[in-house]
Amino acid sequence: MTLELKKPCVLLTSNQYKPNIGGIENSLYHLAQEYKAIGCEVIIAASDLNPSNQPLPDHEIEDDVIVYRYKAEKDSGFGRGIKHILNAIKVYKKIFILHKPQFTVCRFHFNVVILKALGYKNIIYLVPGVVENETRASLREQSSFLTKFNSKLSFEIHKKMQYLAFKHSDKLFVFSENMLKQVRDINKTKPIGICKPGVSLTRFTSANIEQKIELRQQLNLSPQNRVFLCIGRFVKAKGFDIAIKALKELDDKNTHLWLLGEGGEECELRQLCSRLGLEERVKFLGRQATPEKYYRAADFFIMSSNYEPLGQTILEALCCGLPIVGAKSSETVITATSEILNLTNNILLDEYSASSFSQGMNECINLSENDYLKLQVENRKFAEAKFSWQKLAEDLFVYD
């Protein structure tokens with residue numbers, strides 16, 4: 001009689017997973033597929049938070065990946081956070097007993113601390129961003145004392161929990177030199193590895209002029225205009241207001257801007273478009289489950305963020321062959337844009353301003369057809385060579 005060897009179990013976890021759409025959710029999904037392909041039992045654990053507030057199952061199996069969800073309490077007040085944590089602890093205890101994960105890849109600081117307290121081994125913290133920098137970059141002006149107090153309290157709690165996550169994780173990984181410097185400012189001693197995320201080469205593909213026109217017609221968008229694309233949450237750090245102002249300075253009615261996403265700054269961005277007379281040239285397209293269609297239908301991509309741990313959207317734009325305009329990393333532009341694009345022929349700006357972005361957009365518009373096609377091919381090949389989910393999965397794997 002032969003004994004059947006148990007598959008190694010991998011736990012992937014963050015605070016949110018599908019149906020949420022974002023870089024972290026995307027990374028959990030693709031890492032799950034890679035670990036499943038090499039024969040691991042894969043578990044994903046996250047809260048049931050989702051943009052539609054729809055009820056989600058506590059437990060399900062999706063594409064042979066086991067998904068556990070803990071309830072995020074919807075009540076307001078301090079007790080909500082405590083209940084949220086207690087619900088998470090129950091789920092992680094259950095996973096520990098039933099599956100005994102060989103290692104965990106964690107993308108949320110609270111969960112790292114919880115897992116450590118519960119006795120999990122081989123906890124890898126793949127840092128999504130530094131709370132102190134990310135929160136300040138995205139902070140909106142608060143109107144009331146109570147709102148300011150609650151925001152400050154939340155900020156301090158998250159900052160402390162991330163400090164503990166840095167300290168108590170077994171391994172730390174980041175996606176860029178930019179992120180390494182930010183983490184090193186907080187944790188001076190622990191070794192930090194740099195790895196690169198992947199991008200789906202089959203999902204994100206380039207399109208020729210005829211295909212772009214056809215896609216725009218399918219999406220009920222004007223087929224003839226030159227289009228710049230921005231994708232992300234509508235928060236201060238994404239700098240979409242800079243892209244809008246740059247479009248105004250460009251003063252070319254045949255050039256449009258598509259904004260794909262949603263968030264707290266949408267009202268302000270729409271008001272800005274109204275003040276600048278750009279209602280017909282800036283399209284708010286909402287959150288989309290298939291952003292790849294909009295990448296393929298657009299002509300160019302704008303990376304306008306002033307804070308970005310890496311910039312998954314840059315990788316997707318490269319994969320789709322879009323010429324990219326972005327600002328060089330600096331003391332005020334805390335991004336990995338320079339790291340990613342330095343070795344390419346995309347447009348890196350010395351200054352982070354509407355005028356500078358407008359000049360970069362003008363360079364894109366004035367590319368000859370041959371230069372555009374050449375850059376399209378170069379960007380695609382660069383993405384294929386540099387960014388692989390399989391390589392990331394291998395970099396993070398822990399052998400007993």
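Reply: Helices (H or I, at least four residues) and strands (E, at least two) are themselves DSSP runs, numbered from the N terminus. Bear in mind that this is a predicted model, where local features need pLDDT of at least 70 and side-chain atom pairs count only at pLDDT 80 or more, while totals for chains, interfaces and linings use all residues. Residues are numbered from 1 along each chain as its sequence is written, and side-chain values use heavy atoms, with hydrogens and water left out.

Me: What makes β3 and β4 a pair?

Reply: Four bridges join β3 (residues 59–62) to β4 (residues 65–70), and at least two are needed, so they pair. The strands run antiparallel, with Glu62 opposite Val65. Their hairpin has two residues between the strands, and Asp63 takes a positive phi near 55° there.

Me: Why is Asp63 called partly exposed, and not buried or exposed?

Reply: Buried means under 20% relative accessible area, exposed over 50%, and partly exposed in between (1.4 Å probe, protein chains only). Asp63 has a relative accessible area of 44%, so it falls in the in-between class.

Me: How do you know which class Asp251 and Asp252 belong to?

Reply: Asp251 has 61% relative accessibility, so it counts as exposed. Asp252 has 17%, so it is buried. Asp251 lies in the loop between α8 and β10, and Asp252 lies in the loop between α8 and β10 (255–260) too. Phi of Asp251 is near 50°, a positive value in a residue other than glycine.

Me: What does Asp252 touch?

Reply: Contact means heavy atoms within 4.5 Å. Not counting residues up to four places away in sequence, Asp252 touches Arg226, Arg281 and Ile365.

Me: What makes something a cavity and not a pocket?

Reply: On a 1 Å grid over the protein atoms alone, a cavity is a set of points where a 1.4 Å probe fits but cannot get out; a pocket is an open set with protein on both sides within 12 Å along at least five of seven lines, and lining residues have an atom within 4 Å of a point. The count comes to one cavity of 30 Å³ or more. The largest cavity has a volume of about 40 Å³, and its lining includes Tyr17, Glu62, Asp63 and Val65. Elements giving two or more residues to that lining are α1 (23–37) and β4.

Me: What lines the second largest pocket?

Reply: There are 21 lining residues, with Ile209, Lys212, Arg226, Asp299 and Tyr372 nearest its centre. The largest share, five residues, comes from α7.

Methods: Grid points are joined across faces, edges and corners, and a volume is the space filled by probe spheres set on the points.
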